[in-house]
Amino acid sequence: MESLQDIIKEIMSCKKCDLHKTKTNYVPGVGNEKAEVVFVGEAPGRDEDLQGEPFVGAAGKLLTEMLASIGLRRGDVYITNVLKCRPPNNRDPTPEEVEKCGDYLVRQLDVIRPNVIVCLGRFAAQFIFNLFSLEFTTISRVKGKVYEVERWGKKVRIIAIYHPAAVLYRPQLREEYEKDFQKIGELCKKKQPTLFDYL
Ligand code: URA
């Protein structure tokens, strides 16, 4: 089976779409290969493009703060995006870019096999819901609901929440956001049964 490093190595020389021509750095993902929870965003922004790491700008600062509020550090989880290169001027990803680049995310998930997948915003939610054959309507309708699917021989929980940039833009969403993170904290505590639980 391939490792996360194999996938990252491939991303670091990817030329599947034109975004590699305008990017500064590839932004493959960061965190723990054995993470129980994976956070998926849309695409790198300006700061991420400059630093080669996801969620390091203003939205990332809020994400890191929210993680800390449930006792998690960035290194405890895995953080990545649907696209690994920044779209010029942060324009929306095109369907072609999502199709080509999304394959890396699918493979990253297949290696990590997380118990919980958190979709940050509409783009990530659309991609992940589609991947797990869940119906996506709008982010405000699915937001905060926990979906349970079978994958990798176990139950996997999927939750979509607002993108942290949306919460920065609309501070009135902050309180609700904190509650959604509390829920994510609870999901992380719900341990998968292991063989030892049956002995
Ligand atoms: N927004 C995203 O969706 N991803 C990042 O990495 C940064 C901002």
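**Figure 1. The ligand takes up the space of the largest pocket in this predicted model**. Around the ligand stand Gly41, Glu42, Ala43, Glu48, Pro54, Phe55, Asn81 and His163. By residue class, this shell divides into three nonpolar, three polar and two charged members.

Figure 2. The ligand taken alone exposes 240 Å², of which the protein buries 91%.

**Figure 3. Six strands form an open sheet with mixed pairing**. The order of the strands across the sheet is β1-β3-β2-β4-β6-β5. At the edges stand β1 (30-31) and β5 (146-151), each of which has a single partner strand, so that one side of each is left without a neighbour in the sheet. Strands of a sheet pair through backbone hydrogen bonds, in either a parallel or an antiparallel manner.

**Figure 4. Strands β2 and β3 run parallel**. Four bridges join β2, which comprises residues 37-41, to β3, which comprises residues 78-81. Within this pair, Val40 stands opposite Thr80 of β3. Gly41, which belongs to the residue range of β2, and Asn81, which belongs to that of β3, are also among the residues that surround the ligand.

**Figure 5. Strands β5 and β6 run antiparallel and form a hairpin**. Six bridges join β5 to β6, the latter spanning residues 154-161, and Tyr147 stands opposite Ile158 of β6. Two residues lie between the strands of this hairpin, in which Trp152 takes a positive phi near 55 degrees. The edge position in the sheet belongs to β5 (146-151), which has a single partner strand.

Note on methods: Residues numbered from 1 in each chain as written. Predicted model: local features only at pLDDT ≥ 70, side-chain atom pairs only at ≥ 80, totals over all residues. Heavy atoms only, no water. Near = heavy atom within 4 Å. Areas by Shrake-Rupley, 256 points an atom, 1.4 Å probe, with all protein chains shown as cover. 1 Å grid on protein atoms, 1.4 Å probe; cavity = no way out; pocket = protein on both sides within 12 Å on 5 of 7 lines; lining within 4 Å. Sits in = over half its atoms within 2 Å of the grid points. Nonpolar A, V, L, I, M, F, W, Y, C, P; charged D, E, K, R; others polar. Pairing = 2+ DSSP bridges.
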